[in-house]
Amino acid sequence: MQQPPLRSSPILLILVRGCDNLETYQIAIPLGEAMDRKLAAILAADVVGYSTLMEQDEQGTFERLRAGRKELFEPEIARHHGRIFKLMGDGLLAEFSSVVDAVECAVALQRRLPERNASCPEDERINVRIGVNLGEVIVEGDDFFGEGVNIAARLEQMAEPGGVYVSGKVAKEVEKKLSFSFESMGECHLKNMDEPVPVFRIKLLGAPKVRTHRRRGKSYRLWAAALSAALIAAAGGAGLYFDLFATPASRGVPSIAVLAFDNISDDPNLGYFSDGVSEDIIAGLARSPDLSVIARNSSFTYKGKPTDVRQIGKDLNVSYVLEGSVRKEADRVRIVAQLINTRTGVHVWAERFDQSGNNPMALQDAVTEKIVGALASETGQIKRS
C-alpha cells in the first residue's frame with residue numbers, strides 16, 4: 001500500500017510510556033497549517049463623517065459612495081498596480097507590491113476628490129482619510145491580517161480629512177524616490193501597539209520638492225557646447241535647433257502625448273469611436289502654438305498595453321500624458337479624461353464629460369471641443385500647471 005503523503009503542517013510529538021510495560025507510544029498532534037506571510041504596502045481609507053452622512057441621506061450617500069468607488073478609487077488603485085482586498089461600509093483596504101505605487105495612489109486620490117466634490121452641495125461631499133504602511137502581513141486566501149494592516153488603519157484614523165499619513169518605514173523608502181514633502185508628526189503610540197511608530201504627514205499643497213542633480217564637469221559642458229554648435233552648423237544656418245535628447249524646440253513649451261482612449265462599453269465595435277475621440281483631441285491640441293503634441297503613430301503604440309506614464313514620459317520625452325475612457329449607452333456618451341504629470345505620475349487634472357444625441361460625429365466633436373478647451377485655452381489646465 002502506498003504511504004500517505006507527509007503533512008507539511010507542524011506536528012507536536014509526545015512520547016508516552018505505558019504503566020504496565022516498558023513500551024513507548026508516540027502521539028502526533030497537528031498544530032495547524034503554517035501561516036503564509038508576505039511584505040506588502042497597505043493603504044487604508046475611510047469616509048469622514050460617514051454616520052452623519054448616512055443619517056441625513058442613507059440612499060443618496062450609499063449611491064455616491066458606490067459611484068466614487070467605481071469611478072475613482074477602483075480605477076486609480078488598479079492604475080497603480082494595487083488591489084482592494086476588503087470593503088467596509090465606510091472604507092476600504094488595498095495592498096500594493098510597491099510602496100511607491102501605494103503612496104502615489106494615495107496622493108492621486110486625495111488630489112482628485114476635490115474635483116468630484118466641486119459640483120456637490122457642502123453637506124453631500126465625500127471626504128476621506130488615508131493611511132499607508134509597509135510591513136509584513138498574514139495571507140489567508142484573498143485577505144490580509146496582522147500588524148502591517150493594523151498600523152495602516154491606525155494611521156488613517158489619525159489623518160485629518162483629505163490627508164495622507166504614512167509610517168516611518170514608508171517615508172524612508174519613498175523620500176528619495178518621490179518629490180512629495182513629508183512632515184514628521186513624531187513617534188506616536190497607536191492603539192494596541194506596544195512600541196511607538198514614527199508617523200509622517202504628506203504635504204499635498206504647494207509645489208513639490210525639486211531634487212538637485214549632480215553638476216557635470218567642465219569638460220562635459222565644453223564637449224556638449226561644441227557638439228551643439230556643430231549640429232547647428234550642419235543644419236545649414238536655417239535657425240533650427242534640435243536637442244540631443246529630442247526635447248521640444250522651445251524649453252518653455254509643454255509637451256503632451258494623447259494615448260488611445262479605452263472603450264469600456266459592452267460593444268467592442270465602438271473602439272472606432274474611442275480612437276476617433278483621441279485623434280480629434282490630438283488634432284485640436286496640435287493647433288495650439290503653445291503646445292508640442294506627439295503624433296498619433298507614436299502615442300497609439302501603447303494601445304491595449306499595460307503602461308506606466310512615467311516610462312511613457314521618458315520614451316516620448318513629454319511633460320504630460322492625457323489618457324481616458326469612453327462609455328456609450330443608447331444615445332448617451334460619457335468620456336473621462338485625465339491629465340498626468342509624467343515626472344511625478346500624479347494626476348493634475350481630470351474631468352468627466354456627458355453628452356447625449358444620435359449623431360456620433362456630433363457627439364465626438366462636442367466632447368473633443370470641451371476637452372481641448374479645458375486643456376489648451378488661455379485659462380486651460382496646462383497653462384495653469
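The largest nonpolar core of this predicted model has 37 residues. A nonpolar core is a set of buried Ala, Val, Leu, Ile, Met, Phe, Trp, Tyr and Cys residues joined through side-chain atoms within 4.5 Å. Buried means under 20% relative accessible area, exposed over 50%, and partly exposed in between, with a 1.4 Å probe and protein chains only. The residues with the most contacts inside this core are L43, I130, V132 and I202. Several elements give two or more residues to the core, among them β3 (36-47), β5 (91-96), β6 (128-140) and α3. Helix α3 gives the most, with nine residues. Helices (H or I, at least four residues) and strands (E, at least two) are DSSP runs, numbered from the N terminus.

L43 shows how such a residue is surrounded. Leaving aside neighbours within four places in sequence, L43 is in contact (heavy atoms within 4.5 Å) with L92, L93, A94, F96, A102, C105, A106, I130, G131 and V132. A second, separate core of 27 residues includes L291, W349, L375 and A376. In soluble globular proteins, nonpolar side chains tend to be buried together.

Residues are numbered from 1 along each chain as its sequence is written. In this predicted model, local features need pLDDT of at least 70 and side-chain atom pairs count only at pLDDT 80 or more, while totals for chains, interfaces and linings use all residues; side-chain values use heavy atoms, with hydrogens and water left out.

The protein as a whole has 11 helices and 16 strands. Of its 385 residues, 40% count as buried. Among contacts between residues at least 6 apart in sequence, 61% join residues at least 24 apart. The protein exposes about 22400 Å², and carbon and sulfur atoms supply 52% of that area. Accessible areas come from the Shrake-Rupley method with a 1.4 Å probe; for residues, only the protein chains shown count as cover.

Two aromatic pairs are present. Rings of Phe, Tyr and Trp (its six-membered ring) pair if their centres lie within 6.5 Å; planes under 30 degrees apart count as stacked, over 60 as edge-to-face and the rest as tilted. F85 and F144 form an edge-to-face pair, 4.9 Å centre to centre with 90° between the planes. F85 lies in strand β4 (residues 82-88) and F144 in strand β7 (residues 143-145), so the pair ties together parts that are 59 residues apart in sequence. F85 is buried at 11% relative accessibility, and F144 is buried at 4%. W349 and F353 form a tilted pair, 6.4 Å centre to centre with 45° between the planes. W349 counts as buried at 8% relative accessibility. F353 is also buried, at 8%.

Charged side chains were examined next. The whole structure holds 28 salt bridges. A salt bridge is a side-chain nitrogen of Lys or Arg within 4 Å of a carboxyl oxygen of Asp or Glu. R116 and E71 form one, with the closest N and O atoms 3.2 Å apart. This pair links distant parts of the chain: R116 is in helix α3 (residues 99-117) and E71 in helix α2 (residues 58-79), 45 residues apart. R116 is partly exposed at 28% relative accessibility, as is E71 at 27%. K303 and D275 also meet in a salt bridge, 2.6 Å from N to O. K303 sits in the loop between α8 (296-299) and α9 (309-316), whereas D275 is in helix α7 (residues 271-286), 28 residues apart. K303 is partly exposed at 44% relative accessibility, but D275 is buried at 14%. Salt bridges that share partners join E71, R116, R332, R334, R352 and D354 into one network.
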